[in-house]
Amino acid sequence: MNKLIILVFFVLSLSACKKIIQIDLNNAKPVLVIEGNIDDIFGIQQIKISKTNALDGDDVFPKISGATVKVTDNLGNVNVFTEASPGVYNKTMKGIVGRTYSLAVGFAGQTYIASSTMPKKVVLDSIGILKVNLFGKDRKNLVAYFKDPIDDVNFYRYYMYVNRNLVRNIYVSNDRLTNGNAIRQQFFYSSDDVDQLKTGDKVYLEMLNIDSNIFDYWYSLSQQVDRGPNQNATPSNPSSNITGGALGYFSAQTYQLDSLTVK
Amino acid sequence: MRSISVNMPLKRYFSLIFILFIAFPAFAQNTFSLSGTIRDASTGETLIGATIKIIGPSSVGTQTNAYGYYALKQVAGNYVVSISYAGYVTVTKSIILNKNIKLDQEIKSANNLSEITISASDRKNENVKSAQMGLERVDMKALNNVPVLLGEKDILKTIQLLPGVKSGGEGNTGFYVRGGAADQNLIILDEAVVYNSSHLLGFFSTFNADAIKDVSLYKGGMPAQYGGRLSSVLDVKMDDGNNKEFKFQGGIGLIASRLKAEGPIVKDRGSFMVSFRRTYIDLFLRASPDSSINGSTLNFYDINAKLNYKIDDKNTIYLSGYFGKDNIGIKDLFENNWGNTTTTIRLNHIFNARLFSNTSLIYNDYSYTVKLLSDVSNFKATSLVRDFNLKQDFQYFSNKHILRFGLNATHHRISPIAITSSQSSQVNNLMQEKRYGLESAVYVSDEWNVSDKLNFLYGMRFSAFSLLGPGNFKTYDDKNNITSSSAVESGVFYKNYFNLEPRFSVSYLFNEQNSIKASYNRNTQNIHILTNATSSSPTDQYVLSSNNIKPEIADQVALGFFKNLKENTYELSAEVYYKWLQNQIDYKNAAQLLANSNLESELLYGVGRAYGLELFFKKKFGKLNGWVGYTLSKTERKFDKINDGNYFPSRQDRTHDFSFVGIYNLSKRWTFSSSLIYSTGNAVTYPAGKYVIGGQINYYYTERNAGRMPYTMRLDLSATLEGKNKGKFQSSWNFGVYNALARKNPYSIEFINDENNPQKTVAQQTSLFGIIPSITWNFKF
């Protein structure tokens, strides 16, 4: 809706105006942030633990060392993660589609628990570049092609990198309206004119299949456009699948990667 | 069963009302009635709320109803009758009341520009005397003088300048009344519900001021004949049309042009009115050399039309309609259109001088279409809400009572969304189940003039809502899983809700200039808008009460002090109110409201409370007139799963709201006006920390809506120049400046990394409007 309002203003030639303002903010007590991913590729699986920082502080986040990190699957296999660098806990292993993984993190007398089931993998057929004309300007957008399976409810998360820089947008989709179809998923790089894909850019796309809780997590984050109070939904913390009061998520997910160079 | 426990007190209440009513029978002496219709002498328009008084040893008086009709009763004798109305020359007549007399009277407009814009009108001290509280009437004649964005005079933006009414945002026609939500206002046009009252995403309202005769806003103390929404009633009535001669009027503005035609069908018996308005922003778009801009669409238009015909002395028939549409589109990419349709057929019947009846048959709908034209993901989504409504209202005029009673039945059909796509599209067809509901009510109320000092307006509305089959009705657990589903056939009343809504107001006059009033009323609501955006959107979802969604309930108490000064030139009022809200709706995290068959699983239910103080000072007459309004208020909501189950401020909770409107009539030709508003910023949720997830900075939130946007302040100016009189042709120029102080008022705030110091977070405010000048040319002949 916000985009529509901006369109209305664009054509009314009433320029919206932006400025930096001072706001009195309350800083909350720091809380634990856990980001855990288990994927289906044999290799290093990683659980990262950090803390929130004050809003007026730098973008530097305290790393949490000395936690105990354990992932157990529904067959009872226990994987103990070890701290490789401050706040980063690793284990070389592989997740299996259909298994439910449970995370247990112990820190400062508190236990944080989460579980996630690894969904089926939807094969990423290919990626390409689509030319779109918007307001008289040609834009190049990355697209992914795949066939959504008709028998499952599927949730997708994508990460896009341009010249090895992660694109800020949160790309997430489900098949609620597109179940069973050949999908061409389009990725809008940026809403402004500054950042556009150009010839020679090296683009990577990671496509993950995630479970429904993790979809909700990313979907609510993606709804918080520009992540401040605006005309959209009131911002709130996305509902985490981790119990015990930590922010973040624990996801068992499938992983695919493709890349291209923009022509 | 619930209905039985409700029925018993209901019966008792109705009998009480009838006993009270019958307890004051006519005197044994010969009494006769005086009745008739009051009209404008030049246009033949009926006048609503004109005062008729029979002056004698014991004076009696009344006001005309919505159709200009009045009736009085008095002991036989010789009397003087006075008929008065705001901005009109008072007429007095001698009558010999020795039989029932019918007195239809036309009165002349005083054509005095110094009348004030928004007023309870020149009803002498009616504002002090009447038991009605929380009522504001907009005088359409002077609406022209209140400055508005782009010079498009707009009743919805003008009512936002009244205490207790808060704007939905800058340049937005959405409004909040006494802490209620935007969907809790009952907006009716000639009795038909207008679901979406905004054009162009809220910058303009659907009401073309040219076609509007009367606007009344009830902020509290809603009379029993109104029901169905919690917060307010905005009752808008269209012009009937001139029944004496053909007239044209119109205007050319920066954004839109208007044209209205009216005239007699049969002189003095019937007339028509038709009014048309269209924007021409897209004509500018077409002028662009850029092919994708000149192929874009952005316009709205609306048509108001009305016919009335007086069949005989006892029967008058009215036919009125509204049709409006918005179109927005980007060439080859996207199209969106939406609009309302309303049609009302009414029959006024006078059974006898004292019993007046109106029967209305109403159709109204709201629909939208969204089309995505892109090759692989093309689709068309449509949605419709439509109502059939039958209303029967009676008014019985007695000496000291006006008794109103009637019934109302509305059949709702909601088609939430239907998605169709081409074979090649990756979007599937989807047909969401239609929902059917029947909303019905019976009411009775009595306006009782006990003595010169004491007045009551009390009544009861009994409302019933039934969710009808066919449909699959589901229940859900906490995790949105379906726990049960029942397939219900057509014609089955699947879920019924019954509510008793008492309405009670009293006024006590210390003297002609001072009074206190108190009121209590309950309202219920069975049709709800689901949106987690904060501004109105054409694709807002409507849902009916159901097995999951309970009727929203509001109880409001209000107490007010009213004072007039200098022969009613100045009006002063202070009202306090407290409101309790039940079964309010909010949303779970990650709620998907659009095209979701399990929509009702995404909802949370809670309670709310709102309270405040409203001060109003108005100067009604003179070269300089206008008003000052101030509201001190709080409005909060409470949901188990939001904000740890604690009360939090609603977004529209603004502690202080101040408005000033001043109109100065310099000469017969020049009128200057200004408005100044100040309000506390909206309650919003600011981050309380930040963290990294998914390789990105994200914000950590603690309390809901605990932060404040910066305050809003705006000064608007306008000047009207009346053209020199050239026979029948009259014209005027209106010049306006919106936001004359060029203040950058907050529209939204986002948190971004500081350009100069990327490690730091800063708040960036977006403002919509700078100074916006406007010019409009209006004409009449």
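In the predicted model, six residues of domain 1 of chain A are in contact with five residues of domain 2 of chain A. On the side of domain 1 that faces this contact, the residues touching domain 2 of chain A comprise two nonpolar, two polar and two charged residues. The division of chain A assigns residues 32-117 to domain 1 and residues 124-237 together with 254-261 to domain 2, and the C-alpha centres of these two domains of chain A are separated by 25 Å. Chain A as a whole contains two helices and 16 strands. Of the 263 residues in chain A, 35% are buried, and among the contacts in this chain that link residues at least 6 apart in sequence, 63% join residues at least 24 apart.

The nonpolar cores were examined next. The largest nonpolar core has 68 residues, and those with the most contacts inside it are B:Ile155, B:Ile159, B:Ile188 and B:Ile212. Apart from this core lies another, of 66 residues, which includes A:Tyr156, A:Val172 and A:Phe250 as well as B:Tyr691. In soluble globular proteins, nonpolar side chains tend to be buried together. When residues up to four places away in sequence are left out, B:Ile155 touches B:Val138, B:Leu143, B:Ser205, B:Phe207, B:Ala209, B:Ile212 and B:Val215. One of these contacts, B:Ile212, is itself among the residues with the most contacts inside the largest core.

Several sheets of chain B can be described strand by strand.

A second open sheet of chain B consists of four strands in the order E3-E2-E5-E6, with antiparallel pairing. Its edge strands, each of which pairs on one side only, are strand E3 (60-63) and strand E6 (91-97) of chain B, and from one strand to the next the twist averages 20°. Strand E5 (residues 77-84) of chain B is joined to E6(B) by seven bridges in the antiparallel sense, with B:Tyr79 standing opposite B:Ile95 of E6(B).

Further along chain B, strand E37 (residues 570-587) and strand E38 (residues 603-619) run antiparallel and are joined by 16 bridges, and B:Ile585 is placed opposite B:Tyr605 of E38(B). E38(B) also pairs with strand E39 (residues 624-639) of chain B, again in the antiparallel sense, over 14 bridges, where B:Lys618 has B:Trp627 of E39(B) as its bridge partner. E38(B) and E39(B) form a hairpin with four residues between them, and in the turn B:Gly622 has a positive phi of about 105°.

Two individual positions in chain B, one in a strand and the other in a loop, were considered in turn. B:Leu544 belongs to strand E35 (residues 541-544) of chain B, and counts as buried because 23 C-beta neighbours lie inside 10 Å. Residues up to four places away in sequence aside, B:Leu544 touches B:His412, B:Ile414, B:Arg435, B:Gly437, B:Leu467, B:Asn526 and B:Ile527.

B:Ala740, by contrast, is placed in the loop between strand E48 (730-738) and strand E49 (748-753) of chain B. With 18 C-beta neighbours inside 10 Å, B:Ala740 counts as partly exposed, because a residue is buried if 20 or more other C-beta atoms lie within that distance and exposed if 12 or fewer do. B:Ala740 and B:Arg714 are 26 residues apart in sequence, and their C-alpha atoms are 7.4 Å apart in space. Not counting residues up to four places away in sequence, B:Ala740 touches B:Leu715, B:Asp716, B:Leu717 and B:Ile771.

Terms used: Residues numbered from 1 in each chain as written. Chains lettered and ligands numbered in written order. Predicted model: local features only at pLDDT ≥ 70, side-chain atom pairs only at ≥ 80, totals over all residues. Contact = placed C-beta atoms within 7 Å. Pairing = 2+ DSSP bridges. Core = buried A, V, L, I, M, F, W, Y, C linked by C-beta atoms within 7 Å. Domains from an automatic or database assignment. Nonpolar A, V, L, I, M, F, W, Y, C, P; charged D, E, K, R; others polar. Axes fitted to C-alpha atoms, helices over the stretch in contact; angles between N-to-C directions.
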